[in-house]
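Student: Could we take a close look at one part of this model together? I would like to go through it slowly.

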Amino acid sequence: MTSSVPRLVIAAPSSGSGKTTVATGLMAAFAARRLAVSPHKVGPDYIDPGYHALATGRVGRNLDAYLCGPELIAPLFLHGARGCDIAVVEGVMGLYDGAAGEGELASTAHVAKLLRAPVVLVVDASSQSRSVAALVHGFASWDPEVRVGGVILNKVASDRHEELLREALDQAGVPLLGVLRRVPQVDTPSRHLGLVPVAERRSAAVEAVAAMAAQVGQGCDLAALEALARTAGALPGGSAPWTPASPAHHPTRSAEGRGPVVAVAGGPAFTFSYAEHTELLTAAGAEVVAFDPLRDEQLHEGTAGLVIGGGFPEVYAAELSANEPLRKAVAELALSGAPVAAECAGLLYLCRELDGKPMCGVLDATARMTQRLTLGYRDAVAVGDSVLVVAGTRMRGHEFHRTVVEPGAGAAPAWGVRAPVRRVEGFVQQGVHASYLHTHWASQPGVARRFVERCRTS
């Protein structure tokens, strides 16, 4: 039964401790044992799930209690874990770090409690010996509802270092389930507080995942970790898998039975997307097709709407600009009034220019790279009606960028945002909805239905 799928949450005292190495390596090591592994990531991160997908052969999925609400964590988990033998959930930041000013909300600990899953704490042991026992004891006892079922020590320097750490942990009361030495080849390049996406370094990413799997397989007690996963508690009563289809909704299709074609941007420049968005669009009746703005010179025949998500277009500004035929096709479709939903990277692509290089010119705005990182959750309300929402709709979003768009909002803004300062941002014009905010449509399934219906009627 999916509701009883064994599961582990991989957490750490802080960022940089090795969660991604352990979680991804563990997923791959379990998969090598012929287990069907369901991969998950706490928080809004788009990049780590790409590595999880390489490790498991399944879509990596996010579990974000801020964007989607705590009530959707178990259903979204069950949706992703359907048909799997075991699930591995990679945490975010430190175990107890959540949305700023919101207590435990959206923290790894919060999600572990919602999933009633045991936690494996990954500790960077590179600069400590006996103190590791105090650290582990503190994390294990801080919240009695969080069950730290084991520890994996990372970046252990030598046999003697390992011996000292083991002696110390004997007093902490938490089983030691793995010891990982420093292995440079497991390191993966980072950008903006995250790894470089898989799509930008496919062969190197495959090698990195294989190295992670080998390191975890050699250094960890896989049998003990699998046994720990099987001690996960039953999910809250009434939990059922999330579904993209509403029982009362009839998909929007033509008389011939074909839904409107919705083109979704992908490729190395546009790697940020949640799997549920495509599933919601498909459930609403759309025929979803992928396109790569770096390589495709035309949109798919019959394209009725565009979804252009996040990524790193600033890295590929020259190549995106050089693909003039596609830029013109996007501009023509947008100017025709067809629905276009653009988030962050998509917003930049629709501007007149990015770092001085011509983009699609749909929006009368320019974008440029800066040294300042804008990062954080946002509470937003729709300023007016658009192809996505009606005025007054409240959604939670996430910003993550080092660029700035000038002006930051059009004559008809997309959102009013409360924090960190009250402001309006984004653009709504004709069928275009463009904004810096990343949103998770599972929290508002009507977004996809409204978008597809507009594609059908525009």
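Student: Which residues lie nearest the centre of the second largest pocket, and how many residues line it?

Tutor: Happy to walk you through it, keeping in mind that this is a predicted model. The second largest pocket has 28 lining residues, and Tyr46, Gly50, Val59, Thr271 and Ser273 are the ones nearest its centre. Its volume is about 660 Å³. Sorted by class, the lining comprises 17 nonpolar, 8 polar and 3 charged residues.

After the helix comes Gly285, with a positive phi near 110°.

Leaving aside residues up to four places away in sequence, Leu281 touches Val262, Val264, Ala286, Val288, Val307, Trp441, Ala448, Phe451 and Val452. Together with Phe77 and Leu225, Leu281 has the most contacts inside the largest nonpolar core, which has 115 residues. The biggest contribution to this core comes from helix H1 (residues 19–32), with 7 residues. Another core, of 42 residues, lies apart from it and includes Leu299, Ala329, Leu363 and Ala367. In soluble globular proteins, nonpolar side chains tend to be buried together.

Terms used
Residues numbered from 1 in each chain as written. Predicted model: local features only at pLDDT ≥ 70, side-chain atom pairs only at ≥ 80, totals over all residues. Heavy atoms only, no water. Core = buried A, V, L, I, M, F, W, Y, C linked by side-chain atoms within 4.5 Å. Buried < 20%, exposed > 50% of the residue type's maximum accessible area, 1.4 Å probe, protein only. Helix = DSSP H or I, 4+ residues; strand = E, 2+ residues; numbered from the N terminus. Contact = heavy atoms within 4.5 Å. 1 Å grid on protein atoms, 1.4 Å probe; cavity = no way out; pocket = protein on both sides within 12 Å on 5 of 7 lines; lining within 4 Å. Points joined across faces, edges and corners; volume = space filled by probe spheres on them. Nonpolar A, V, L, I, M, F, W, Y, C, P; charged D, E, K, R; others polar.
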